[in-house]
There are 2 protein chains.
Amino acid sequence: MQGSQPQRTTGHVDFVGAGPGDPELLTLKALAAFGRADVVLHDRLISPEVLSLAGQSADLVDVGKKGFGPSWKQQDIDALLVKYAQDGARVVRLKSGDATVFGRLDEEIDALDAAGISWAIIPGITAASAAVAAIGQSLTRRGRNASVRLLTGHDMKGFADHDWTALARPGAVAAIYMGKKSARFIQGRLLMHGADGATPVTLVENASRPDQRVVATTLDSLSDTLATAGMDGPALTFYGLAPRDAARAATELKEELA
Amino acid sequence: MQGSQPQRTTGHVDFVGAGPGDPELLTLKALAAFGRADVVLHDRLISPEVLSLAGQSADLVDVGKKGFGPSWKQQDIDALLVKYAQDGARVVRLKSGDATVFGRLDEEIDALDAAGISWAIIPGITAASAAVAAIGQSLTRRGRNASVRLLTGHDMKGFADHDWTALARPGAVAAIYMGKKSARFIQGRLLMHGADGATPVTLVENASRPDQRVVATTLDSLSDTLATAGMDGPALTFYGLAPRDAARAATELKEELA
């Protein structure tokens, strides 16, 4: 968990997983890192409640977007991390969920290694864990799936390609990150490779947050559902999982009461 | 996250992810559940430090093994959960890592649903997150892998079958749970399906615990490495990931100092 430590006179960077948004899903280790930090560089999607805890004794720097301007470039974030650490600061680099899952962690670690700056990774609750808990299901289940895939809807080249044939088999389960824009592409690829159109697909928006929302659909109806659901927040898409009845009932009750 | 709530006079069961062992990797929500609990039913692999926190105000019941006798049967655990809850207890069902990842969660939820008992799932840090942090890597990396598989070495029928062809492709990354006994099987299947024997394989034993140990090898050497490594603790096997140099250096330094 600990990287190189060539000079103890320079600072240090902790890559901290902020979890999915509920501050109660922070680990004790993340809170301890907040307490030690001089500065916290954070992404755009960190919840206000988590930022409030992170900023109690440290400066907050939003590297998710620059005021009302364009997004930060990765190399500028790398350079800022190095600069703070070289100035002797204890830095927390706060990333949504778990930093090791679609967190673009490597570019930043490479920059720190090149500059000889020590670092550590503090794991967090990834979106798939929080979202699957919300629908009362397991990512894996004996007799159904002996593996689960965490996959991204798009990569550097556009929509990401995957093992569609394997995913199209009965019982396959995948947790799709950043899957809203690529939903039609994924739907088409899976159906083309023989997936059953009745396969359950469940979207969990703002998992673990007060405005969490669960939308259950099927592979056949995925695009149409998304077109009318009006989802603005970050969403996790489960392929091959429907909400458990009891969890569905609780969700519906909550919506009735709201 | 909340299951059915037909009767508030009965108890309630929180399925809590204990994380990989380091008590600092517990979430605030897990600690809150410990504080409310009357009784904690826990698995065998929960670390003593986590059990100490869980048992501060609740009774601990080890359902991982019965004294020096045989393992508990799943249906006996199900029945005990139901009984405690029907007697009005607040129950924590404490499972290693994240309860939704190879946690045999569904059988227990089904039993509670059948008895009309309310339940909730509190996510935890799964072993793959802690283990990959220990080797300074990401489970996913832009330009390398747009998905990661969490898979189990064995299922109800013995060694688990997987999409070996897909896994054998360059850049594939998998986190293998319970992979020690099935290592030779997995090695054989992957090589048979064309995987490069030089593909890095890394075992992380007791991830996040004081006795954490990292063993780096290759697919070709996996069986031989395991035969001589003498690993007794729970281990996570990474296929397609080697420890980052800086993390490797820190591990070696720690071993020299020990």
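Ten strands, listed as β11(A)-β10(A)-β12(A)-β9(A)-β6(A)-β6(B)-β9(B)-β12(B)-β10(B)-β11(B), form an open sheet with mixed pairing. Strands and helices are DSSP runs numbered from the N terminus (E, at least two residues, for strands; H or I, at least four residues, for helices), and two strands pair if DSSP finds at least two bridges between them. The edge strands are β11 (213–218) of chain A and β11 (213–218) of chain B, each of which pairs on one side only. Neighbouring strands of this sheet are turned by 20 degrees against each other on average, direction ignored. Axes are lines fitted to C-alpha atoms, for helices over the stretch in contact, and angles run from 0 to 180 degrees between N-to-C directions.

The model is predicted: local features need pLDDT of at least 70, side-chain atom pairs count only at pLDDT 80 or more, and totals for chains, interfaces and linings use all residues. Residues are numbered from 1 along each chain as its sequence is written, chains are lettered from A and ligands numbered from 1 in the order in which they are written, and side-chain values use heavy atoms, with hydrogens and water left out.

Within this sheet, β9 (residues 174–177) and β12 (residues 235–239) of chain B pair in the antiparallel sense over four bridges; the bridge partner of I176(B) in β12(B) is T237(B). Helix α5 (residues 127–134) of chain A lies across β6 (147–152), β9 (174–177), β10 (200–205) and β12 (235–239) of chain A, at about 70 degrees to β12(A).

A further open sheet, in chain A, has five strands in the order β3-β2-β4-β1-β5 with parallel pairing. Its edge strands are β3 (59–62) and β5 of chain A, each pairing on one side only. The twist averages 20 degrees from one strand to the next. Strands β1(A) and β5(A) pair in the parallel sense over five bridges, and F15(A) stands opposite I121(A) in β5(A).

Helix α4 (residues 105–115) of chain A has several buried residues, among them L105(A), I109(A) and L112(A). Buried means under 20% relative accessible area, exposed over 50%, and partly exposed in between (1.4 Å probe, protein chains only). The buried residues of α4(A) pack against β1 (12–17), α3 (74–86), β4 (90–95) and β5 (118–122) of chain A. Just after α4(A), G116(A) takes a positive phi of about 70 degrees.

Chain A can be laid on chain B with an RMSD of 0.0 Å by a turn of 180 degrees and a shift of 0.0 Å along the axis, which is the relation of a two-fold axis. The copies are superposed by least squares on the C-alpha atoms of residues with pLDDT of at least 70 in both. In the interface, 62 residues of chain A are in contact (heavy atoms within 4.5 Å) with 62 residues of chain B. The area buried between the chains is about 5200 Å², of which carbon and sulfur atoms give 57%; buried area is the accessible area (1.4 Å probe) that two parts lose on being put together, summed over both.

Across this interface there are 16 salt bridges, a salt bridge being a side-chain nitrogen of Lys or Arg within 4 Å of a carboxyl oxygen of Asp or Glu. Examples of salt bridges follow.

| Salt bridge | N to O distance |
|---|---|
| D110(B) and R141(A) | 3.1 Å |
| R149(A) and D163(B) | 3.2 Å |
| D106(B) and R244(A) | 2.7 Å |
| R213(A) and E205(A) | 3.7 Å |

R149(A) and D163(B) are both buried. D106(B) counts as buried at 1% relative accessibility, and R244(A) counts as buried at 8%.
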